[in-house]
Amino acid sequence: FSLHAMQKRGDPKRVAHVLYGYMQDQNGVRIPDPVTGPVIRMIFEKYVETKSTCKVIKFLKENKIYCPAYHQYTVSGYMKHIFENCEEERKYKWNNTSIKTIIENQEYLGHYVTHKQERLSFKLKITRRCDETYLFKNKYEPLVTEELFLAANKIKDVYREKFKEKDGNIFQKLLYCETCGKRLCF
């Protein structure tokens, strides 16, 4: 069976890096992680309560909750060269992107999303995002309720709309910094 056929059917696949908040059994089925599962719920609840990713990050750091990368290191030894002798604050280095990614991820509702990216050729190591993903609803035990998920995403969307540029920048994805490579903005 090909990987694409497995993705179309929604068959679970054992992966090296499980979605933060879950662990997997020997067949690749996701099970809520007793350590990180409550952290996911806490992130959603704090975000709805405070309406700020910065306040959520501050809360996580004050309570000394490991960031997803360091947790992955403790579980599997992944990125050993970074975390082996790292300073204490590096273990709790959460950022806005990781919080937003968690809040946007519908897999925390218990859904299973496959075919998110594909490799162009087995010879090339280049991957690209797929336009068509496969969504299998209620495949696993959810970590957050649908009401909490929708409330958090509504807050996030309102915030994005508030700070979206009104006049449309025609150079938005065309100009990049020569030294660092980041996109230029007003």
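This is a predicted model: local features need pLDDT of at least 70, side-chain atom pairs count only at pLDDT 80 or more; totals for chains, interfaces and linings use all residues.
Residues are numbered from 1 along each chain as its sequence is written, and side-chain values use heavy atoms, with hydrogens and water left out.

The protein contains seven helices and six strands; helices (H or I, at least four residues) and strands (E, at least two) are DSSP runs, numbered from the N terminus. From the N terminus on, the order of the elements is α-β-β-α-α-α-α-α-β-β-β-β-α. The C-alpha trace spans about 50 × 40 × 40 Å along its principal axes. Of the 186 residues, 33% are buried, a term that denotes under 20% relative accessible area, with exposed being over 50% and partly exposed in between (1.4 Å probe, protein chains only). Contact means heavy atoms within 4.5 Å. Among contacts with a separation of 6 or more, 56% join residues 24 or more positions apart.

In soluble globular proteins, nonpolar side chains tend to be buried together. A nonpolar core is defined as a set of buried Ala, Val, Leu, Ile, Met, Phe, Trp, Tyr and Cys residues joined through side-chain atoms within 4.5 Å. The largest such core of the protein has 30 residues, of which Phe44, Trp94 and Tyr108 touch the most other members. At least two residues of this core are supplied by each of H2, helix H3 (53–62), helix H4 (68–76), helix H6 (96–104) and helix H7 (146–163). H2 provides the largest share, five residues. Threonine 36 lies in the loop between strand S2 (30–32) and helix H2 (37–50). Because its relative accessibility is 3%, threonine 36 counts as buried. Apart from neighbours within four places in sequence, threonine 36 is in contact with Tyr20, Gly21, Tyr22 and His71.

His71 belongs to H4, where Tyr70, Gln72 and Tyr73 are buried as well as His71. The cover over the buried residues of H4 includes helix H5 (80–83). H4 is followed by glycine 77, which has a positive phi, near 80 degrees.
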